[in-house]
Amino acid sequence: MTNASADAAIVKLEDVHLSFGQTQVLKGIDLTINKGDAVSIIGPSGSGKSTILRCINALVQPQRGHITVDGTRVDQLSKESERITLRKRVGIVFQQYNLFPHLTVLDNIVLAPTRILGVERREAEKLARELLDKVRLAEKAGAYPGQLSGGQQQRVAIARALAMKPELVLFDEVTSALDPETVGEVLWVIRDLIRDGMTSILVTHEMRFAEEISDTVVFTENGRIVDHGSPEQIFHTSDNPRIRQFVGGLSGARGAVRDGEGI
Ligand SMILES: Nc1ncnc2c1ncn2[C@@H]1O[C@H](COP(=O)(O)OP(=O)(O)OP(=O)(O)O)[C@@H](O)[C@H]1O
Ligand SMILES: [Mg+2]
């Protein structure tokens, strides 16, 4: 059992410490994520959630601790070329989708596989169309980002990340900037991906969604993981007053909106 779970670990953070100048942002993070798992990171603003994702993707480097992603010691990467190799395998989707406004939806998705992976245009286009189908935007291949809603643009951004055939995907509050009526369609797409077995780490304020789709929920506060466990443990049976206050406050407010959308 111990060996099996060690083999299955695709991401492992051990005693990760990170400071920006004098500000200690991560104060000893330990986190193991197995292949095929969906892990949600929740916690108050400024607690270090985005920084954890940025560490995994080598966008920032910790001063102390180990980070391993599928056998690669990310904390030891010293060359930009090594970081780029890692980022081909780890997709990341942000709150701001940052599509190229002058390229069509299809070209936005085809760009990285052709330029970075050297995939032939025809093949990249075939995959892009399959992915657009998956994110339910097949009919928008020729549209420009400015012609799409926020939710549609975010789904294109997800398709763009998937076009690199990543081994895991990091989602950083991908619905936070969206109009409430388009949040549901993006969550549908992420839910499908997770059901298909994509290893996913999500920073989210959508408590109801995190409860539904996560294998593990991690609660961060002030640069530390205060608790982690099953959704049931974190959302319903935690005896930590801080967690109860946090999930109680959010799930009440957000849950009401989600109920109305029937997701
Ligand atoms: N590049 C940076 N330089 C200096 N301080 C930073 C930098 N990036 C993040 N921080 C600080 O690190 C702390 C953690 O930031 P982080 O973005 O990880 O929090 P978060 O939990 O994602 O918050 P939010 O829910 O608001 O997105 C914050 O106090 C933030 O101001
Ligand atoms: Mg953040």
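Biologist: How much space lies in the second largest cavity?

Modeller: About 50 Å³ of space lies in the second largest cavity. This is a predicted model, where local features need pLDDT of at least 70, side-chain atom pairs count only at pLDDT 80 or more, and totals for chains, interfaces and linings use all residues. Residues are numbered from 1 along each chain as its sequence is written, chains are lettered from A and ligands numbered from 1 in the order in which they are written, and side-chain values use heavy atoms, with hydrogens and water left out.

Biologist: What makes a space a cavity or a pocket?

Modeller: On a 1 Å grid over the protein atoms alone, a cavity is a set of points where a 1.4 Å probe fits but cannot get out, while a pocket is an open set with protein on both sides within 12 Å along at least five of seven lines. Grid points are joined across faces, edges and corners, and the volume is the space filled by probe spheres set on the points. Two cavities of 30 Å³ or more are found in the structure.

Biologist: Which residues line the second largest cavity?

Modeller: Lining residues have an atom within 4 Å of a point. For this cavity they include Cys55, Ala58, Val60, Arg83 and Asp75. Its lining has seven nonpolar, one polar and two charged residues. Ala, Val, Leu, Ile, Met, Phe, Trp, Tyr, Cys and Pro count as nonpolar, Asp, Glu, Lys and Arg as charged, and the others, Gly among them, as polar.

Biologist: What is the volume of the largest pocket?

Modeller: The largest pocket has a volume of about 640 Å³. Of its 25 lining residues, Arg87, Ile92, Ala112, Arg160 and Met164 are the closest to its centre. Helix H3, strand S6, H4 and H6 each give two or more residues to that lining. Helices (H or I, at least four residues) and strands (E, at least two) are DSSP runs, numbered from the N terminus.

Biologist: Why is H4 called roughly parallel to H6?

Modeller: Helix H4 (residues 105–115) and helix H6 (residues 150–162) pack at an angle of about 25°. Angles under 35 degrees count as roughly parallel, so H4 is roughly parallel to H6. The angle runs from 0 to 180 degrees between N-to-C directions, and axes are lines fitted to C-alpha atoms over the stretch in contact.

Biologist: Which residues of H4 and H6 meet?

Modeller: Val105, Asn108 and Ile109 in H4 meet Val156, Ala159 and Arg160 in H6, where contact means heavy atoms within 4.5 Å.

Note on methods. Parallel < 35°, antiparallel > 145°, perpendicular 65-115°, else oblique.
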